[in-house]
Amino acid sequence: MPEKESGSFVERLPLIHSLMEVVDPGVYRRLPEDWLIAVTDVQGSTENLARGRYKEVNGVGVAAIAAVRNLHKPEEIPFVFGGDGATFCLPPERREDVAAVLRASCRMAREDFNLSLRIGIVPHREILARGREVRVARFKLTDWVTQTMFMGGGLELADELVKDPRPNNPYRLSEKGRQSADFSGLECRWENIPSRHGETVAYIFRAIGNEQQRASAFRKIITLVEEAYGDAEQSNPLHLGGLKLATKPAHLRLEHRVRTFAEGAVRRWSYGKYLRLQVLVGRIIMKYGLKFAGADWSHYREDLIANADFRKIDDCLRFVLSGTAAQRQQLLTSVKAAFLPNEVVYGHHVAESAIVTCVIDSYQHEHLHFVDGSSGGYALAAKEMKAAMKALAPAS
């Protein structure tokens, strides 16, 4: 019998404790057949990134995550952040509610940021009928936070189906229709985090072949990453010395607009004042390690770093890593030597810093932080990877 509650499905997934374990196909469980895959992505993200709008592009994607999670609380749902959008798995009875949240996210992106957010929903049955599937694993970041990982090729196919430009695409959702969303929990209060080692690189690796071949390739890539960059602590793009709360109102604009979307002028003005006060108080309580608002702030930044979403699998293997140019060259040279072009394709993007957008359930441990490279990150790495895939395709 298919699962009827998202929490029961996610909570029954075994907890995985290392990235090397997460590439093992045996730790994944197939999504229930009657579930749905919801997709969001910012259209024209490359052009917007070229104009320096990477915080807005990232923030719109994370805002949808916050809203969909709020809809399902206290149940957990599988989801993943992709830089310029996000993907969610949901039970069929939540379709209309999730569609309303996605439509509201679409309207918020357009009205507040002049961004076009593409949205769609694909039945898992359709993915299965086309020979792929969505399989989910649960990776333990800390004792309080887990992150879902994906294999099976189903998310890639769902993304392709939603992006299909044909007229009357049955998987695309229009903005029209019932709209409502709660964006609470979204926070964007940190300055860009400069690399400790010189550069921050977003990588996306796609393995080609059957399931076992892809798993073997991913294991080898993880080994090569660790040989070049060291362990997760050494390569984490977030670090205590780089975590500085924003000082300028312009840097708080994203959270301010998302959290007050569709509110009146008075509410927007008052939240702006409240937000700047919160940042001021945050500097003080973190500096002195005070206990405030039910949380011990002496360890908040350490928890933030531990809860950073900078390594993951969503059919591809993704990293945002802090390192030197020499480490980047070592990794790319090693990958080229280890694989043929038709075994692994990849893309990468180099920046000087990382950006982080947060979803807060509780300031006491339960907060998740979505990391990307500044000035393009995953979106531009994906563009390079897609060009490599296109080069492999036989000429028609």
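Predicted model: local features only at pLDDT ≥ 70, side-chain atom pairs only at ≥ 80, totals over all residues.
Local features require pLDDT of at least 70 and side-chain atom pairs pLDDT 80 or more, whereas totals for chains, interfaces and linings use all residues. Residues are numbered from 1 along each chain as its sequence is written, and side-chain values use heavy atoms, without hydrogens and water.

The largest nonpolar core holds 111 residues. Such a core is a set of buried Ala, Val, Leu, Ile, Met, Phe, Trp, Tyr and Cys residues joined through side-chain atoms within 4.5 Å. Buried means under 20% relative accessible area, exposed over 50%, and partly exposed in between (1.4 Å probe, protein chains only). Among the members that touch the most others are Phe-88, Trp-190 and Tyr-203. Helix α4 (residues 54-72) gives the largest share of this core, 10 residues. Helices are DSSP runs of H or I, at least four residues, and strands are runs of E, at least two, numbered from the N terminus. Another core, of 20 residues, lies apart from the largest one and includes Cys-89 and Tyr-171.

The whole structure contains 25 salt bridges, each a side-chain nitrogen of Lys or Arg within 4 Å of a carboxyl oxygen of Asp or Glu. Asp-97 pairs with Arg-178 at 3.0 Å. Asp-97 lies in helix α5 and Arg-178 in the loop between α7 and β9, so the bridge ties together parts 81 residues apart in sequence. Arg-132 and Glu-156 form a salt bridge at 3.9 Å. Arg-132 is partly exposed at 26%, whereas Glu-156 is buried at 17%. Shared partners join Arg-107, Arg-110, Glu-111 and Glu-175 into one salt-bridge network.
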